[in-house]
Protein chains: 2
Amino acid sequence: MLNTIETDTGTRVGQVMATIRQRISARTLAPGAKLPSIRGLAKMMVVSTSTVVEAYDRLAAEGLILSRRGSGFYVAGHLPPLTLAEIGPKLDRAVDPFWVSRQSLEATEDVLKPGCGWLPASWMPQAELRRSLRHIARADDRVLTDYGTPLGLLPLRHLLSRRMAEHGIEVLPDQIMLTESGTQAIDLLLRLLVEPGDTVLVDDPCYFNFLALLRAHRVKVVGVPYTPGGPDMALFAAALTEHRPRLYITNSALHNPTGATLSPVSAHRILKLADQAGLTIIEDDIFADFELEPAPRLAAFDGFERVIHIGSFSKTLTAAARCGFIAARRDFIERLIDLKIATSFGGNALSAELVLALMKDGTYRKYMNGLRDRLSRAMGETDRRLRALGLKPWIEPRGGMFLWSELPEGLDAADVARRALADNVVLAPGNAFSVSQTATRFLRFNVGQSSDARVFAAVERAMRG
Amino acid sequence: MLNTIETDTGTRVGQVMATIRQRISARTLAPGAKLPSIRGLAKMMVVSTSTVVEAYDRLAAEGLILSRRGSGFYVAGHLPPLTLAEIGPKLDRAVDPFWVSRQSLEATEDVLKPGCGWLPASWMPQAELRRSLRHIARADDRVLTDYGTPLGLLPLRHLLSRRMAEHGIEVLPDQIMLTESGTQAIDLLLRLLVEPGDTVLVDDPCYFNFLALLRAHRVKVVGVPYTPGGPDMALFAAALTEHRPRLYITNSALHNPTGATLSPVSAHRILKLADQAGLTIIEDDIFADFELEPAPRLAAFDGFERVIHIGSFSKTLTAAARCGFIAARRDFIERLIDLKIATSFGGNALSAELVLALMKDGTYRKYMNGLRDRLSRAMGETDRRLRALGLKPWIEPRGGMFLWSELPEGLDAADVARRALADNVVLAPGNAFSVSQTATRFLRFNVGQSSDARVFAAVERAMRG
């Protein structure tokens, strides 16, 4: 009778037992490891503490775990606790475009993440977000429960239109479609613009998730080496002739991962070549508001003939409620509406309300002014600490959070990153960003995630091997 | 000088002017129509009322609009106001799988929507949502700003695992991945499981957005006629032999649009045939909680060998903050994580928090009990009113919100729907749901959206032609 109950995952006690058994067999709870506290596990599994107590008692009766008076429960067995490096499969995973994403997104709270692409929670506008959530809690019924319209919240699209006008980008609200995120914006555009087997041009290096997303769309990816003023123009022109790409995806200002900025002369040259070659360009501008001085935007020069402009608020406001947008020609927008409905039906209307509440009263501008200053100081400090370890930043970026830095000769960034991960530090090795796999000595540092001295201690140890 | 300012959409006054000009040229503001109130437009465009006043004054100076003392501003010209039917292109659009979606999602507040697939805002758990939003406003910093983990909020996955166990579906939390919506869940699965040119089996009729989504994936779609106990089994078996489909997408309980329920004998037969044919099945169970008596679930019989189970909360809690999920075999889930990261990076973590806050304390169960009663009464009432007009419900559904109803002979549902739309009523004509286009005499009524007598008056007028 007892055994029947114990294997019955339909009861709450049974489920707690199954969870612990599974962790032990997956070695996330190694022999000798302390089990989660009764209160902690009860909260996580949304059960009562008495349920957890009963589950632990039964597992102890089975001999799988041991109770130590006054100290809690431990996994039976006498092997030493495993280190992160032994648990796998994380470390076995090849350094592919998903490497940094998965390590960063799956990291527990005790892991340091100078390799990740977002700012620490403590740098984000917490008080403002809390106020906006309370504001939304008082909104009309329809706001709280109805699907969003296909284009998304109109007042937010008006605000975005005005914000883009400040960068010289002229676009009306009905040429803007809100999306779930910047990533979803690019995904929808790829569905619209490319077929499997088409060729897409990217910068080398570029944001690693472009490579992951393009792989999901089964297109051929060609990289053009990126210089401190934009893509290498001779090679860009040669790539157009040789590969006849349908599309080019890039960041004009605060390029990810290098922090470089497109020069006006390169911008004009790109658009001229794109015109001749019938090339469409996606300008991903999600770091726009981190810029200290305005850089040229392709969408501003082009007036949305060949350029599609995208943005998001995941880096500046919150990544927990996602909201991005596409600004494009009206005929593109009309076709994107059908694609958005087919693949996600309505948008996340509450996220758009949250962004609007934060942006409309000037709070956002004030917060961004402070954030830019803070990042600028962190940039200087990280630069100094990296140089002290023998790393060499590629350029001094004009803003943003990324410092693209070269390791001394003889070191491989993937090896260094794997060793740092065993030390609970997630780094971003160069090849995750490079379609030609030629950035083997580079690491991308997020200066907002590099204020802890343990980051540099771990990098130093990882460099020693 | 004045002209320079007026055409400068970079200024706020210029933008208000551009917006009004655009509406007039698109005829959403017809000659003679009253312009939006100054306060209303100021709020919508997030500008001051003095900005709107200045914009209206300048447009009046240009002669484009007229001011009538004490009454507001009007578009110049003496043509009568246009009706919705003349504005287009809505009515010109073919009745394709997007027809119902776009009419429903783009409808203004004065439009009645018995054809739409969700409940009125007043039926949704407003007070509970407001309380949960205030609760989230007090959450930890990381909850408010960090990206969600790839699988999504663990306590919610525990709850989902327990909820499915109540339907006999045994699945551990690490076999569950949260998604942005039920639609995104199916989209991710299609990316994983099918290639362009593959064949996918659907019910005929089925949810129209399955057809839209499958079209976006460029697969061949084969429909199997649906009976009150599930798909016609002889034709299902024949379709497997003839078309060798990779995938079958269906709703086991409260089938959309028919409201029918899979019988246990059909469920077993489907799984046996699927086994022989190597067929994978997506069981879309987003209406699960509307069920009055539990129906068999394919995932419960199959134990996740061939069946993937999906759900969402857009119909029961809110469609403004989307949250869906996929329950599947571990090897599928592992590959879905990469696809989710590539195409959306993190999930919408705040939506998951909101759903958790609503579900964990029993509020949700209580609310759903009341909602099922209310829908049951509305079902009886709508059935009665439709019969009075000469329409014939196909079956008496065992719950849910849909009543699939047949028009008298000689009437075409698409014609009736087009005429009703001119009367500001969105209907859901049968062919939007039918891959073989054989449901020409059916309409899907949402009983929750059919309490207004004007719905039936409009249907009656539209039937008369």
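Visitor: In this predicted model, what makes the packing of helix α9(A) and helix α16(A) oblique?

Guide: Helix α9 (residues 154-166) and helix α16 (residues 349-359), both of chain A, pack at an angle of about 50°, with axes 9 Å apart. Roughly parallel would need an angle under 35 degrees and roughly perpendicular 65 to 115, so α9(A) is oblique to α16(A). The crossing of the two helices is left-handed.

Visitor: Which residues make that contact?

Guide: From α9(A) come Pro155(A), Leu156(A), Leu159(A) and Arg163(A), while α16(A) brings Ala352(A), Val355(A), Leu356(A) and Met359(A).

Visitor: How many residues of each class does the contact of α9(A) with α16(A) have?

Guide: There are seven nonpolar residues, no polar ones and one charged. Arg counts as charged, whereas Pro, Leu, Ala, Val and Met count as nonpolar, so Arg163(A) is the charged residue here.

Visitor: Let's turn to the two chains. Why is the pair Arg130(A) and Asp141(B) called a salt bridge?

Guide: The closest N and O atoms of this pair are 2.7 Å apart. The cut-off is within 4 Å, for a side-chain nitrogen of Lys or Arg and a carboxyl oxygen of Asp or Glu, therefore Arg130(A) and Asp141(B) qualify. The count between chain A and chain B is ten salt bridges.

Visitor: What area is buried between chain A and chain B?

Guide: About 7,900 Å², with carbon and sulfur atoms giving 54% of that. Leu105(A), Tyr147(A) and Arg162(A) supply 10% of the area that chain A buries against chain B, more than any other three residues. Each chain, A and B, puts 95 residues into the contact.

How values were computed: Residues are numbered from 1 along each chain as its sequence is written. Chains are lettered from A and ligands numbered from 1 in the order in which they are written. This is a predicted model: local features need pLDDT of at least 70, side-chain atom pairs count only at pLDDT 80 or more; totals for chains, interfaces and linings use all residues. Side-chain values use heavy atoms; hydrogens and water are left out. Axes are lines fitted to C-alpha atoms, for helices over the stretch in contact, and angles run from 0 to 180 degrees between N-to-C directions. Helices (H or I, at least four residues) and strands (E, at least two) are DSSP runs, numbered from the N terminus. Angles under 35 degrees count as roughly parallel, over 145 as roughly antiparallel, 65 to 115 as roughly perpendicular and the rest as oblique. A crossing is left-handed if the near helix is turned anticlockwise from the far one by less than a right angle, and right-handed if clockwise. Contact means heavy atoms within 4.5 Å. Buried area is the accessible area (1.4 Å probe) that two parts lose on being put together, summed over both.
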